[in-house]
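Please examine the sequence and the model below before reading on.

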Amino acid sequence: MKRHRLRLVLRSEEAPLLRRVAMIAALSALVLIGAGAGLLAAAEATARTRSWGDREEGEVVVGGMVVMRIRTAAGGYSATQRAEEVAARLNKAFREGLTWNDFRVGEQNRETAVLTTRGDLIATADRFHAQANGTTPTLLAQAWDTNLVQALGGQVASAAATQPAASSGVDWERQDDKIVPIFSIGTPGVSIGAARVSGPKVEVGRVKAVAQIEAEWKNVLRARIYVPVSSISTKLERVQGVSVSALIDYNLPF
Amino acid sequence: MRALRSKLDRRLMAIAAALIMLAMVGGSAVAVDIGDLLKVFGIGYVVKHFSGDINSFLNKTLGERGAEVRGATKVVPILSVGQGGFIGAAQVIGVPSKVETVKAVAQVEAKFQSRFRMRVLVPIATESTKSIKGVSGVGVSAVLDFKI
């Protein structure tokens with residue numbers, strides 16, 4: 001008799017609880033379906049024109065979000081045409097099954113760019129674009145990459161974790177040193193001393209010499225600018241992340 | 001109506017002329033002042049007051065040669081360890097948050113094998129050479145000498 005009573009009590013409490021659980025499950029399923037549909041819909045890029053004063057800009061839109069803004073015309077293409085090209089590259093990547101986790105910031109043709117993990121170019125963050133945005137090419141490319149990740153429903157934190165914290169996107173930590181010759185930009189064949197360069201091990205390994213540029217400011221200051229380079233020529237190929245930590249002079253015996 | 005317009009035109013002309021005069025006088029004053037300031041107040045003072053201008057000049061020079069830096073830069077005085085005092089200036093380069101903390105570059109000189117002279121440049125977070133502790137993630141991009 002006691003058991004029967006107990007069962008009845010349990011049933012009367014279970015009913016609303018079960019109803020609540022069922023409702024939550026149904027709502028969760030709806031939310032999940034909605035989110036899934038949204039993400040599927042987001043995996044398409046479009047381009048559009050935006051007028052900014054008397055200037056025309058091109059916008060690349062993914063899932064209703066502007067992920068890149070092309071501010072200038074280049075190579076015979078208008079800003080909108082360039083945005084269309086970027087959208088076409090993105091759509092190709094989406095068709096190949098690439099998701100938010102398959103984009104990164106890298107270098108192509110000596111310029112910073114958003115690339116796929118396979119190395120295909122999406123958009124180049126050139127110097128003019130960076131200047132128009134008041135930033136550096138690396139930071140601009142990172143912003144575009146972050147926008148892309150967000151628009152595709154990805155985790156921005158994990159994408160950002162690959163970059164050094166609060167940095168310029170370049171690792172400047174000193175891990176290795178090396179002594180290399182200094183050559184003057186005017187006379188690349190002539191060594192005018194030596195410098196100890198410091199930076200990340202891989203980058204230090206690439207440094208062949210330090211190029212010295214001389215400049216004068218307002219007739220009161222003489223500057224010697226040191227550029228760690230990967231080859232000895234008049235065309236400077238700077239190795240980013242490496243800087244000078246010591247200068248070495250040699251006193252000639254005569 | 002015409003009288004009012006001509007009055008306004010004259011006022012605008014006067015304002016424009018005054019602005020041009022100010023810009024010209026201001027520009028020449030800066031050109032004269034830096035040399036004088038250097039003699040009167042010394043390197044430390046000039047570096048502190050013109051570090052932004054010098055830094056922009058150096059970055060522009062690098063940009064013109066396609067060798068711009070991907071990182072933060074700043075111009076700070078060079079402190080001589082041993083001699084004491086400011087002996088010049090340096091442009092430091094590196095991670096933005098670390099570059100912000102740099103106050104000076106300490107220069108330590110060493111000779112080896114009688115013919116080699118080494119100047120070690122250490123970015124530091126103080127303007128004192130009592131205890132030198134380098135700021136990691138920052139290096140030197142340029143060394144600047146003043147004509148005194």
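The paragraphs that follow lead through the structure step by step.

Residues are numbered from 1 along each chain as its sequence is written, while chains are lettered from A and ligands numbered from 1 in the order in which they are written. This is a predicted model, in which local features need pLDDT of at least 70 and side-chain atom pairs count only at pLDDT 80 or more, whereas totals for chains, interfaces and linings use all residues.

Confidence is the starting point. The mean pLDDT (the predictor's confidence in each residue, from 0 to 100) of chain A is 75, and 70% of its residues reach 70 or more. Where pLDDT is low, the predicted coordinates should not be read in detail.

Chain A has six helices and eleven strands; helices (H or I, at least four residues) and strands (E, at least two) are DSSP runs, numbered from the N terminus. Of the 254 residues in chain A, 32% are buried. A residue is buried if 20 or more other C-beta atoms lie within 10 Å of its own, exposed if 12 or fewer, and partly exposed in between, with C-beta atoms placed from the backbone. Among contacts in chain A with a separation of 6 or more, 50% are between residues 24 or more positions apart.

Helix H2 of chain A covers residues 79–95. Its 17 residues reach 24 Å from first C-alpha to last, close to the 24 Å expected at 1.5 Å a residue; the expected span is 1.5 Å times one less than the number of residues. The buried residues of H2(A) include Ala83(A), Val86(A), Ala87(A) and Leu90(A), and also the charged Arg82(A) and Glu84(A). After H2(A) comes Gly97(A), with a positive phi near 90°.

Val180(A) counts as buried because 20 other C-beta atoms lie within 10 Å. Although Val180(A) and Ala209(A) are 29 residues apart in sequence, their C-alpha atoms are 5.1 Å apart in space. Beyond four places in sequence, the residues that Val180(A) touches include Ala195(A), Val207(A), Ala209(A) and Val210(A). S7(A) runs parallel to strand S9 (residues 209–217) of chain A, joined by three bridges; two strands pair if DSSP finds at least two bridges between them. Ser184(A) stands opposite Gln212(A) in S9(A). S9(A) is in turn joined to strand S10 (residues 221–229) of chain A by nine bridges, in the antiparallel sense. Three residues lie between the strands of this hairpin, where Lys218(A) takes a positive phi near 50°.

In chain B, strand S1 (residues 72–80) has eight buried residues out of nine. Eight bridges join S1(B) to S2(B), which run antiparallel, and the hairpin has five residues between the strands, with Gly82(B) in the turn at a positive phi of about 115°. S1(B) also pairs with strand S3 (residues 104–112) of chain B, in the parallel sense over three bridges; there Leu79(B) stands opposite Ala106(B).

In soluble globular proteins, nonpolar side chains tend to be buried together. The largest nonpolar core has 55 residues, and Ala195(A), Val210(A), Val76(B), Ala90(B), Val92(B) and Val105(B) touch the most other members. Such a core is a set of buried Ala, Val, Leu, Ile, Met, Phe, Trp, Tyr and Cys residues joined through C-beta atoms within 7 Å. Helix H2 (residues 43–64) of chain B gives the most to this core, with seven residues.

Finally, the two chains meet where 39 residues of chain B are in contact with 36 residues of chain A. S5(B) gives the most to the side of chain B that touches chain A, with nine residues. That side divides into 22 nonpolar, ten polar and seven charged residues; Ala, Val, Leu, Ile, Met, Phe, Trp, Tyr, Cys and Pro count as nonpolar, Asp, Glu, Lys and Arg as charged, and the others, Gly among them, as polar. Strand S11 (residues 243–250) of chain A runs antiparallel to S4(B), joined by five bridges, and Leu247(A) stands opposite Arg119(B) in S4(B).

Methods:
Contact = placed C-beta atoms within 7 Å.
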